[in-house]
Amino acid sequence: MVQLPKVNDLGFFEIRLESIGGLGANLAGKMLAEAGVVGVGLNGVSFSSYGSEKKGSPVKAHIRFCSPDTRIRDTSPVERPHIVGVFHEALAKTVNVISGIHEDSLVLVNSANPPAELKQSLNMLAGTLAVVDATGIALEEKNRVNMAMLGALFRLCAFLDPEPMKAVIRKSLEKKYPLAVEPALRTFQRGYEGLRVEAFPLPAGAQMPAYVRQDTPVLGYETQPIGGTITNPGNSILKNLSISRAGMLPHFAEDKCIHCAACDNVCPDFCFVWEEQEDKKGRPQMFLQGIDYQYCKGCLKCVKACPTDALSGEREVDGYADARRVPHRFDLAPS
Amino acid sequence: MAIDWKHENGPGLVEQRIVYESGNEMAAYAAHQINYHIMGYFPISPSTEVAQFLDLMKANGQHDIVLIPADGEHGSAGVCYGASTAGGRVFNATSANGYLYMLEQMPVQSGTRFPMVMNLVCRSVSGPLDIHGDHSDLYYALNTGWPILMCRDPQAVYDMNIMALKLAEDSEVRLPVLVASDGYFTSHQKRKVQTFAKREDVQRFVGERPPVGFPDTLDRNNPVTVGPYMNEPDYINNCYQQSMAMYRAEPVYDRIRKEYAALTGRDYPILDLYRMEDAEVAVFLMNSASEIIKDVVDQLRAQGVKAGSIAPNLIRPFPARQIAEALRNVKAVTVGDRADSYGGHGGNMVNEIKAALFTHGCTGPLVISRIYGLGGKDFYAEDGHALFRFAIEAAASGTVARPFDYHGHTPGDPAKAPKRVLNPMKYEDLNTGLIKVTPDEQGGPLKVRVPPLRALTKKPKRIAPGHGACPGCGIFSGLELFFKGIEGDIVALFHTGCAMVVTTGYPYSAHKATYIHNLFQNGAATLSGVVEMFWERKRRGELDHLQLPDDFTFVMITGDGGMDIGMGPAIGAALRNHKMIILEYDNEGYMNTGAQLSYSTPLGHRTSTSNVGQANGGKLFHHKDTAQIMAATHIPYVFTGSEAFPQDLVRKAAKAQWYAQHEGLVYGKILITCPLNWLSEDEEGTSIVSAAVDCCFFPLYEVERGITAITYNPEEKNKKIAVGEWLASMGKTRHMNKPEFADALASFGQEVDRRWNALKARHENPYL
């Protein structure tokens, strides 16, 4: 019988996956859990966060493993993970993805950046960072991010056996998508092998931060208006949806723009910023100023709609959206 | 996924195996082993998956259950009731508002004594909408006359589903039975579950066929009258029979669960007592939380506290005597209710437990009532410790400091109280004057002048960015394009659906103008009320002080699902001809709950309740023609539109506004892409709906004062394509171009052509 590397008071080894909808973290969590329960005979439980979350919104998957004779009674989310798997690096901008880690927890991040840099961007005091460029591998292999992340997770869960998992991948794909089998297996294997690991010990005298329960609200019974009525509607403009982009974004070339508004007509996220200016004949006319990337989810419908080359779909590189963002000119209430 | 470890089998007699599945999967699994005759269902989270799993198994030929997608839960309960009078076995699953929508059917089912089994996957019944697990729907079931079995984990969901049918059909009982499990906590968490390995063993246990000798509406030799008009001298006696049957359900259940335990090794005594033998303090909880509390009991016992927990495996009939006996020597008990009975000084369980203690002369235990876990708020072990602390303190002091309170509520930080973020939109910005609508003096079609769409980017969007829709969602581009044609102020009402959920995730709202959400089906009625209140308050001069620059344009937004369940209220509002617009965004399915089929889903299309497998090829019947149904109510204006034809849609919006301000109700339908569930590329959204128009599946037309005009004819523009070309652009329909689905493709193509030709005839002839 396999041995779990460590367990909490109730006998659980706990894993939390942090992702956005659409990257396949939920499926990866299911496959990982089944590999433990079905593959190597552990007992376990797995579930995801459910709600109004859509594709592109933050989601979590939770997995608990324990010995076969341990009773599983807990249904609460994983708050003190032994492993965190971060499928989408940008998430850390708006979500505390490492909430509740122990000083010896493993934090797996899909990133091309070095561990020391990630320690900063994750605001991580101590713990072991494992980094895999899952997006890069997936792009090269023309496969999915979750396959590379799954490979890396298997590496970190040394008590699991990757061979049966590969058989499952092969079996689930070979009938319908025979050409996808080898890329998927290569992606998995490259994730398994492509880890860079660095441990950051807890500084002397320091303490790991306490976790904040995932069900802690911002408002309360003394501050929220009765009946659930929202008295400051339009406040969704405060949200940052740039984390919803999964790799692509539109570029705007003003010199090629004919200001036809075809982009504006099809944009689901109201990202195009317009201003009234005088045209060549001195008449007032609307001119497209640019894109408010804070809300752009990277669907690229605008690129398709654009009759010229003013809009193009490009791989997102760090810092581009912040530098080129043209913010909406909202009529803000006095604060 | 099955795990075939024989050594993991319990001490039971029957061959078993282990699977790793969720509560919903186990409800479906049990139902497929039983092989019910009929399931009438309607999607609602979190129970919808039960129908989805059954449909998937059906597509693969694994059972014979006839799955009937109803028009709403009221309809699904009606389907089930009718089917149960006709002698076969009937199954259903629902949650929350869906359960309340079918509530009036429940006492009829029990009062006329037709057995069936329904899973209630418990979820909050609420306004503000909360879709997560609590027991507020379950508490409505307490007075319906259905025995109620409780499931603490996916294993219990499986076991109780099998025992429930036997209990329902027992000659001493003859009542419909409810099987209650916790939404998400149990319905969506995967666990190891032991099942009967062979379906025959399940059927042997429940009986291969339903017992005979009871009224059956299909027995022509024994005609019966079901559901007579029964007045006061007799009705009380019917109730007494029902009451007796309900109480008999307890010993019958006790007998069935022993038979089941002998067969499987898994026993569900009436009460699940954990370390209660010598307990001095106890906590009473139901379902998933009653498992977590056992870990807390173990921890307290390790500290020397004599703690124990009680959870019922059935709550109707209520095991009053057993609970009183279990608590006889306890000093204090905290009862956690996962739903409030507002004003009742405790939830339903605590008050029934107090009554049980009183009735059975058990006056020793102090009782503390706490409401917890509402709307799916998680129950952590630390919450369990808090509940025990109340009991421990009461036991020590001999008094209960606070007999009733909530646990887990928070006051909030005054510094973070909501503050207005945006100023209200300025009327002059919304009323651009760029769009001109002029009535025709002879009563012909309105004349509309629309500027280049570039000019309309000046008009503020009604919906703010920052909503949480999927990338490439067609709803919001479609809605805002429509709103570009609307001048001045609107009041919007949204039906339940993606557009509502992603724009109003508390404490955020993306609606800059005033917005209302009520229910999934009742928007047209609700907005009728708002509209008439506007006109009446205006007439009485009560709005004068607001100095409204203009009358509002009232717009109801619904998905195609909302026009299924809400068809009745929509037709009612149309027949009353209120001055309002109903705008439907049609994405061909119930996308918010996970892509189940709607009546607007076309034939052959794959959804999560119209799967494609060797026994089934997607949806089995043709799409609903909602525009023609609404046109038949003779409202002043009906139109269809698409973001792929923006000028056309903006013109129709302008007309819609004129009619909704001057004559009465307008209905419009826009076809929009759902890349997530159409399995299509995000960026292709506009071209896919364009192809839907060009293949004449979704013709662009209007019916103005009863006269039909096609506003874009792909044949005349030489743009007509075959339906197969449109279908090839979506993953959900790619199978339809394969040879094995040629019949479905041909049938779909013929139906599209037939409707298109009929439309052309109407276009030619003003009397059609």
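Reply: Two residues are taken to be in contact if their C-beta atoms, placed from the backbone, lie within 7 Å. With that cut-off, and leaving out residues up to four places away in sequence, B:Leu149 touches B:Met160, B:Met163, B:Ala164, B:Val177, B:Val179, B:Ala180, B:Asn313 and B:Leu314. The model is a predicted one.

Strand β7 of chain B covers residues 148-151, and β7 belongs to an open sheet of seven strands in the order β4-β3-β5-β6-β8-β7-β13 (chain B). The pairing in this sheet is mixed. From one strand to the next the twist averages 20°.

At the β4 end, strand β3 (residues 38-41) of chain B runs parallel to β4(B) and is joined to it by four bridges. B:Met39 has B:Leu67 as its bridge partner in β4(B). Helix α2 (residues 48-59) of chain B packs on the sheet, where it touches β3, β4, β5 (90-94) and β6 (117-122) of chain B. The direction of α2 makes about 130° with that of β4(B).

Another helix, α7 (residues 154-169) of chain B, lies across β6, β7 and β8 (177-182) of chain B. Its direction is at about 170° to that of β8(B). The contacts of B:Leu149 can be read against these elements: B:Met160, B:Met163 and B:Ala164 are among the residues it touches, and the span of α7(B) is 154-169. B:Val177, B:Val179 and B:Ala180 are also touched, and β8(B) spans 177-182.

Next, the domains. Chain B is assigned domain 1 (2-211 + 232-264), domain 2 (271-406) and domain 3 (459-764). The C-alpha centres of domain 1 and domain 2 of chain B lie 27 Å apart, and 29 residues of domain 1 are in contact with 21 residues of domain 2. On the domain 1 side, the elements that give two or more residues are α6 (136-141), β7, β8 and α9 (232-264) of chain B. The domain 1 side divides into 14 nonpolar, nine polar and six charged residues.

Finally, the other chain. The contact between the chains takes 74 residues from chain A and 77 residues from chain B. On the chain A side, α1 (25-39), β2 (43-48), α7 (262-266), β9 (272-278) and α8 (301-305) of chain A are the elements that give two or more residues. That side consists of 36 nonpolar, 22 polar and 16 charged residues. Chain A itself has nine helices and 11 strands, and 46% of its 335 residues are buried.

Technical notes: Residues are numbered from 1 along each chain as its sequence is written. Chains are lettered from A and ligands numbered from 1 in the order in which they are written. This is a predicted model: local features need pLDDT of at least 70, side-chain atom pairs count only at pLDDT 80 or more; totals for chains, interfaces and linings use all residues. Ala, Val, Leu, Ile, Met, Phe, Trp, Tyr, Cys and Pro count as nonpolar, Asp, Glu, Lys and Arg as charged, and the others, Gly among them, as polar. Two strands pair if DSSP finds at least two bridges between them. Axes are lines fitted to C-alpha atoms, for helices over the stretch in contact, and angles run from 0 to 180 degrees between N-to-C directions. Domain bounds come from an automatic or database domain assignment. A residue is buried if 20 or more other C-beta atoms lie within 10 Å of its own, exposed if 12 or fewer, and partly exposed in between; C-beta atoms are placed from the backbone.
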